[in-house]
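Me: I'd like to go through a model with you and ask where its labels come from. Could you set each value against its definition?

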Amino acid sequence: MQLELASFKINRVELGPEMALHGQTLIVNPEAIRNTFFHDNAVENVAIDVAHPGESMRIVHVLDAIEPRVKTVGPGVAFPGFLGSAKTVGEGNTARLEGLSIVQTAEFPEPTSGVLSIREAFIDMTGPAAPYCACSNTANLVLSFRPKAGITNEKFDTAIRYGSLKLAEQLATLTRGHTPQDIERFTLNSDIGENGGPRIAYILVIRQQGPLIQNFLYGVPTAGLVPTLIHPNELLDGALVSGDFKGGLRVCTALHCNDPVVKSLYASHGQEVNFIGVILATAYHATHQLKERSAQYAAKLARLLRGDGVIVPLIGAGNASIDTMLITKACEEVGIKTVTICHEIGGAEGTDSPLSEHFPEADAIVSMGNITREINVSPSNRVLGGETLSFHRSDKTIDSSTGFIATGHDFFCGAWQMGISGFTAKDF
Amino acid sequence: MSQSGTVRVVHYLNQFFSGHGGEEQASYPITVKPGATGPGTALQKLLQNADIVATIVCGDNWCHEHESEFEEAVERILRDWSPAVVVAGPAFNAGRYGLACGRVCSVAWNKLGIPAVTAMAIENPGADLYRSQVYIVPCSETAVGMRTALPVLSRLAMKLGRGETLGPSDEEGYLPRGTRYNVQTGTVMSERAVKMLLAKLKGLPFKTELVRESFEVIPPPPPLLDLRKSTIAVVTESGLVPSGNPDKLEQTRSRKWLRYKVAGLQELNQGAWESVHGGYDTSAVDSDPNRAVPLDALRHLESENVISRLHDWFYVTTGSGGSVQVMQQLGREIARELLDAQVHGVLLTAT
C-alpha cells in the first residue's frame, strides 16, 4: 500500500464570489457553503467567518476541526464511510490543503449531563493561550451552526459532520490543475522495513464514551470496538473522524489525519525503525472486565505483528488513564517494550500527583506537560461562535471576549497541542 | 557578595564528623568555629572561588532537645557570618543528623533567604521531611560515599552561592522537590517517544520524563472488636446528592465534602437523590440511590443488630479527577468529624 500525499499550502482564506484557489489563498463563497448544510433539515443557519494566526480573534464552542482532503486517485474516497463507501483507503493519491482548517462551532440543542456532558473548548489565534490551542496556527474557515428548533442532538451532530466533511472534500478539489508545494510517499513496504530496526507499532487509544464524545471509523461510531489493526495511511485519508466534543482532552479530525506519532514513526521508518502498523483501541470502557479484555486484545495484536515495541498515547482523563496503563502493562507482560505518552494533571501549583494512574510497568513515559497549570488568557478583539461562554468547572457565564484564567482542559485539543508544541514538565 | 568576589560558605557538621566524638558527645551544644573542619576540608578543596568561612557544629541530640534555641542560634550565626550559601552534612543515613541538616538549611532559606544544600541517603527521615524546602543531594547510606557526595555538594553550593537558579532535579542531581513546571523541549512528544523507545529496545540508558511516585502506605487500623456494639457511617465518592444538587457539589475536581441526614429514613428514594459525578455512568445510581449509599441494607443490619447503629449522616464528595492532596485533606476533615461523633467504623463506597 503506497499513498502519495500532495500538500497544497494555504496561508489565507477569504470570503468571495467564487470557490477557487489563487496561489496560497483560498477563496470561498459563503452562499455555496451554506447550501451544503440545509438539505438535512437540521441546521437553521450557518454563519461563515475567517480567522488567521496572529489576529486578535477567539473561536468559542468549538466542536471539530477538519483539514480538507480529496482522493484524486483511489481506491476509495477521503473520509470513507461518510463521503462514500467503506472501501479501504490509504493508497493511490490524495490532495490536501495544508495550513487550512474548517472549524465547527455550535451549541447543541439538548442539554448533556453526567459522564456524557460535553465541555467547552476555545481557540485563541494570538496571545498567551495560542500555543496551547490546536488550529491557532492555521488559516481557519469558521462555521458557526445554529440548529433548527426541536431537532435532536444526534440529528444536528450528524448533519454538521456530514456537511463539513463534504465541504472539506470540495475545497480540496479546488487544487485540481495546481501544483503542490510538497509531495510525500507513505509506505510500510516490507522490503524497506526489514532493513530497518526494531518492529514498532502505534497503539492509538481513542476516547469512546457515547454520543458527542466518540470517534468514527469508516463512518461508524467506535462504540464496542475491539482493538483492531489499521494501516497508518488510512488515518492520512480520514478513516478516523472525531466526534468528541469534551473539553481540552479531545483530539480533532485534523489531528487524526496529521497524527504526530504516525509522522515520527514514518520519518524513521526503514532507518532506525520498522513501523509495522497502527492498532486502534478505545478508552473509557465501563467495566474492569471490558478494560482488561481490550488491553489484552491490543497487546495480542502487537504480538501477532511480532512487535518489539509500542508507543501508547493517553487521550482523556482518569478513566482513560486506566485503559492506557492496562495496555502498557499487557504489552510489557508479553515482552513488548512500551513508551507511554501522557499529559500531567499536577494542579495549578504543579505539586499534586502528575498522573491519576501510573503502573510500575510504565517505566518509560514522555510527558506532554501539566495541563492544569493556569494561563492568563488575554481579552480578544473579536469572538466567533458565541458571545458568552462557561466552563464546566463553574456555574459562571462570562463574556467571551474578556480575559480569564484557563487551563489545558479549556484549550481546543489542549493536551495534545501541548505535546505537539514540545512541552514537558520537570521537577525543580 | 559581588559576582566576581569569593562566595562565602558556612558548613554544618555534627559532633562526630567535626571530630568531637561519637554518640557519647551527642549532647554537644551548638558552636561555631572559623574555617573548615572534618569533611569540610575536602569540600574546601573542591570549591572554587568559594571559602568555608565558618563551620557550625552541634551534637545530634542537643539540636533536637533544644529546638528553638538551636534555630535561634543558627539564625544568629548566619547573620554574623553572612554566607552566600549554607552547606550541611553529608548526613548519610544518620536520622537525627539528617533532620538537623534539614532544619539548618530550612532556617537559612526561610528565615534569611540564604540558599542551602545538604546531602543524605534517600531513606534518611530528613529527606522526605525537607526535600520540598531545601536542596538535598541523595548519597550513600554510610560515609563510604563521601567522595561521591562532596563533588555534587560543591557544584550545587557554588551555583547557589553565585545566585544562580538550579536546573531541574534530575539534571542537577538533587532529590525531586515535588513541584513540576512546564518547560519547552523544542521537540514534538512523538519524536522524544521514538527516541526513548529505541534506547529502551537497545538496552541503552534512557530517562523517563515522569518517575512513578510512591504513595504513603497507610496501615489499616485494627478491626472492630464487636460490630454489634459499633456505630457505622457511610462515606462515598459517588457524588450522591439530593436532587437538584442544592449545595452545588462539583461534577469533577471537587474541593469539598458534604453531609446529608439519613436519620429517620429507611431507604433512599428514587427521584429524591441524584449523582453529579462526571466520571461514571450514573444511571444505575439515579434509578436506585441505595446502590451508592446502601441505606436499605444498613437499616436491615441495624434492625438485626448486626451493627449497633447507623450514624445520622452520610458524607459525600465527587471522586472524578480528584486531586490527591485535596482528597487527603477532605479525608482528614471527615475523619475528625466522625471521631468527634464517636463513629467506630466507616463503609467507603467507591465508583
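**Terms and values**

Me: What makes the span of helix α11 (residues 324–340) of chain B close to the expected one?
Reply: Helix α11(B) has 17 residues and reaches 24 Å from its first C-alpha to its last, close to the 24 Å expected at 1.5 Å a residue. The expected span is 1.5 Å times one less than the number of residues. Helices here are DSSP runs of H or I with at least four residues, strands are runs of E with at least two, and both are numbered from the N terminus. Just after α11(B), Gln342(B) takes a positive phi of about 60°.

Me: Good to know! What should I keep in mind about the model and its numbering?
Reply: This is a predicted model, where local features need pLDDT of at least 70 and side-chain atom pairs count only at pLDDT 80 or more, while totals for chains, interfaces and linings use all residues. Residues are numbered from 1 along each chain as its sequence is written, and chains are lettered from A and ligands numbered from 1 in the order in which they are written.

Me: Which residues of α6(B) are called buried?
Reply: Among them are Ala149(B), Leu153(B) and Leu160(B). A residue is buried if 20 or more other C-beta atoms, placed from the backbone, lie within 10 Å of its own, exposed if 12 or fewer, and partly exposed in between. In chain A, buried residues make up 58% of the 428 residues.

Me: Why does the radius of gyration of chain A agree with a compact globule?
Reply: Because a compact globule of 428 residues would have a radius near 22 Å, and chain A has 21 Å. The radius is taken over C-alpha atoms, and the globule rule is 2.2 Å times the number of residues to the power 0.38. Those C-alpha atoms fill a box of roughly 60 × 50 × 40 Å along the principal axes.

Me: What is the strand order in the six-stranded open sheet of chain A?
Reply: The order is β17-β19-β14-β20-β21-β22, with mixed pairing. Its edge strands are β17 (228–230) and β22 (365–370), since each pairs on one side only. Two strands pair if DSSP finds at least two bridges between them.

Me: How do you know that β14(A) and β20(A) pair?
Reply: Three bridges join β14 (residues 199–207) to β20 (residues 309–313), and the two strands run parallel. With at least two bridges required, the three found here meet the rule. One bridge partner is Val310(A) in β20(A), for Ala201(A).
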